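Student: I'd like to learn how to read a few features of a model like this one. Can we take them one at a time, charged pairs to begin with?

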Amino acid sequence: MHKLVLIRHGQTQYNKDKTFCGWTDVDLTEKGVEEAKNAGQSLKKENYVFDIAFCSVLKRAIETLSIVLDEMGMKDLPIKYSWRLNERHYGSLQGQKHEDVAKTCSPEQVQKWRRSFCDRPPQLGIDDPRHPCNDPKYCDIDKKDLPSGESLEDTIKRVLPYWHDEIAPAIKSGKNVLISASGNSIRALVKHIENISDSDIVGLEIPNAIPLVYELSTDLKFINKYYINSSSLKS
């Protein structure tokens, strides 16, 4: 049996303010830092050890992973970074508060853009400074692969090649793997691992900075899952 640990980044100001974040590079709040510290302490208390970590290229995931590994005393762990683990790209909604968007559309439409499977947000123009084509971080990525705005379905199609090419082989080789990413990229992985239907994935929420452990068979079929929460651990 294999174990895989997924962790969503700690709270950001955009999370706190209920603002569409997507690929916007924001830092953790003080609460987010504490959440990441608690996650690392929880994993250490449960004697988790990792051989490799995979992480998105967004600051909030990188900061969360760094804090977790520091708390675990594993600062030298090999890490692979990929834009394919980035959050869902929210197109022209990025940087806007949910409540402000709801005033021009509707709360129902906002919820569809946030949680539906196939609804894409309004797309960014290629000349918009928020478009990843205009970010030096993605200069080595083929422009046709960079999103202007994604549905969850689009995010899954972006994430899964990295799962099949990099993450799954590492797990199958016997490595203990930790993944630090965002809510929707983790939802993409969870949907694949558990074979969750398109309709059921809509209601799935991923909490900030609470390690999610998967127990998988030798061929990476789902066996069991559970969260490791510091508040539920015995002192």
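Student: How many salt bridges does a search of the whole structure find?

Tutor: A salt bridge here is a side-chain nitrogen of Lys or Arg within 4 Å of a carboxyl oxygen of Asp or Glu. By that rule, the search of the whole structure turns up 12. Keep in mind that this is a predicted model, where local features need pLDDT of at least 70, side-chain atom pairs count only at pLDDT 80 or more, and totals for chains, interfaces and linings use all residues. Residues are numbered from 1 along each chain as its sequence is written, and side-chain values use heavy atoms, with hydrogens and water left out.

Student: Which parts does the pair D25 and K137 tie together?

Tutor: Their closest N and O atoms are 2.4 Å apart. D25 sits in the loop between α1 (13-17) and α2 (30-45), and K137 in the loop between α5 and α6, so the bridge ties together parts 112 residues apart in sequence. Helices (H or I, at least four residues) and strands (E, at least two) are DSSP runs, numbered from the N terminus.

Student: And R120 with D154: is each one buried or exposed?

Tutor: Buried means under 20% relative accessible area, exposed over 50%, and partly exposed in between (1.4 Å probe, protein chains only). R120 counts as exposed at 52%, while D154 counts as buried at 14%. The two side chains meet at 2.6 Å, N to O.

Student: What about α7: how many of its 12 residues are buried?

Tutor: 10 of the 12 are, so α7 is largely enclosed by the rest of the structure. Among the buried ones is K191, which also forms a salt bridge with D198 at 2.9 Å between the closest N and O atoms.

Student: How do I read a nonpolar core?

Tutor: In soluble globular proteins, nonpolar side chains tend to be buried together. A core is a set of buried Ala, Val, Leu, Ile, Met, Phe, Trp, Tyr and Cys residues joined through side-chain atoms within 4.5 Å. The largest one here has 32 residues, and L4, W163 and I179 touch the most other members. Helix α6 gives the most to this core, with 10 residues. A second, separate core of 18 residues includes A53, V68, L77 and L178.

Student: How many disulfides does the structure hold?

Tutor: The pair to look for is two cysteine sulfur atoms within 2.5 Å, and the count is 0. Take C118: the closest cysteine sulfur, in C105, is 17 Å away, too far for a bond.
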